[in-house]
Amino acid sequence: MTYRSPYPVPGVIWASLPLPAVLIDIDGRIFESNPAAEQFLNASDRSLKGQPAFDRLHIDAPMDEALARARANQSPIFINDVDVTSGERPPVQCNIQIAPMNDNPDIIMLLIAPREIAGRLGRASAAKSAAKSAIGMAEMLAHEIKNPLAGISGAAQLIAMNLGAEDRELADLIVEETRRIVKLLEQVEQFGNLRPPDRRAVNIHDALDRARKSAMVGFAAKMTITEDYDPSLPATFADPDQLMQVFLNLIKNASEAAGPQGGNIRLRSFYDLSLRLRRTDGTGSSLPLQVEIIDDGPGIKPEIAKEIFEPFVSGRENGTGLGLALVSKIISDHGGWIAVDSVPGRTVFRVSLPVAPREAAQNDMEMK
């Protein structure tokens, strides 16, 4: 059987689809698969061509019936919340979209949308919005509260000079708690007054190395930090100081989770083309540069896992809940994405960043 062009859109769009997509012919065989599908199935398009589609894709739904209905009605079908696997990986809950092609109704496009990606993107978007809202609140809090607190602290110190030992202890408690609140407000001010990023071509591993060295002589002194880097990664487009601050905060978070006994942190970098973010103007951007900070601590409490990047959400008793919110804001300002996966014994924060534009990389080389 001779088919017309399998693409209803230019090939560059087909190749750029961020979700796995396959074209299935009238005999139920794979006719074409995009790069995201190749990655999902861990097989090349050439090896997939002609293979029975549902020998390579195991979907917990009556797919033969769904394809027949889509062809008969010439209309799309949506199947939500089904388990999908290639047989070589654990099942992933996905939403499935099936639609006949306009130029050849015998060919069906099957689009796979893993729920894990959609859910993480939604949480990242919500965290970005929450972080922006918190900036205005941060400025208001710092202005309205710091000055009265200074007066309260000074008055308590004066009163303590004329008190007995027992009452002086209470006055000292007022001073101590006032200073603690002032310290919190100083962190809030930092969160609210973060300058716009001064972006340039930056070697991710340089920023990671700066953060690691700083952490090892301070809060991470009892941690074992190992590096698992892809040395071939191109430069990203970032503010080097803010990127270093992101990695430092994530290493600090992992160190504090481990507790005084210490633990292990693994810094990993790699290249992954599967993630693209859509901007508000409708254009998309690829985020292929991946950095993971992995620790073997107790994990994030399930009840706060979905809000962990929102301001004032903390899993620690005395935590401010601003460190990860600040990280989320910085990554958002850089057009990147941050996500977390956590189970007891393994927590992974993944930062996804864009590649530096060619002009920025060239300018960086000239400066060196």
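Visitor: Is aspartate 295 buried or exposed, and which side chain of opposite charge is nearest to it?
Guide: In this predicted model, aspartate 295 is buried and has no salt bridge. The nearest side chain of opposite charge belongs to arginine 346, 9.2 Å away.

Visitor: What does the side chain of aspartate 295 reach, then?
Guide: It reaches the backbone nitrogen of glycine 297, at 2.8 Å.

Visitor: Where is aspartate 295 found, and what is it in contact with?
Guide: You'll find aspartate 295 in strand 13, which covers residues 289–295. Leaving aside neighbours within four places in sequence, its contacts are Ala254, Asn264, Ile265, Gly345, Arg346 and Thr347.

Visitor: Changing topic: where is glutamate 227 found?
Guide: Glutamate 227 is in strand 8, residues 224–228. It counts as partly exposed because its relative accessibility is 40%.

Visitor: And which side chain makes a polar contact with the side chain of glutamate 227?
Guide: That is arginine 212, at 2.7 Å. Arginine 212 is also among the residues glutamate 227 touches, together with Asp209 and Leu267, not counting residues up to four places away in sequence.

Visitor: How many residues apart in sequence are glutamate 227 and serine 269?
Guide: They are 42 residues apart in sequence, and 8.6 Å apart in space from C-alpha to C-alpha.

Visitor: One for the surface: which residues make the nonpolar patch?
Guide: Tyr271, Leu273 and Val355 make a nonpolar surface patch of about 280 Å².

Visitor: Where is valine 355 found, and why does it count as partly exposed?
Guide: Valine 355 lies in the loop between strand 15 (346–353) and helix 12 (358–367). It counts as partly exposed because its relative accessibility is 33%.

Notes. Residues are numbered from 1 along each chain as its sequence is written. This is a predicted model: local features need pLDDT of at least 70, side-chain atom pairs count only at pLDDT 80 or more; totals for chains, interfaces and linings use all residues. Side-chain values use heavy atoms; hydrogens and water are left out. Patches are made of residues with over 30% relative accessible area and no salt bridge: like charges are joined within 9 Å, nonpolar side chains (Val, Leu, Ile, Met, Phe, Trp, Tyr) within 5 Å. Accessible areas come from the Shrake-Rupley method with a 1.4 Å probe; for residues, only the protein chains shown count as cover. A salt bridge is a side-chain nitrogen of Lys or Arg within 4 Å of a carboxyl oxygen of Asp or Glu. Helices (H or I, at least four residues) and strands (E, at least two) are DSSP runs, numbered from the N terminus. Buried means under 20% relative accessible area, exposed over 50%, partly exposed in between (1.4 Å probe, protein chains only). Contact means heavy atoms within 4.5 Å. A polar contact is a pair of N or O atoms within 3.5 Å; within protein, one must be able to donate a hydrogen and the other to accept it, and residues adjacent in sequence count only if both atoms are side-chain atoms. Lys and Arg count as positive and Asp and Glu as negative; His and the chain ends are not counted.
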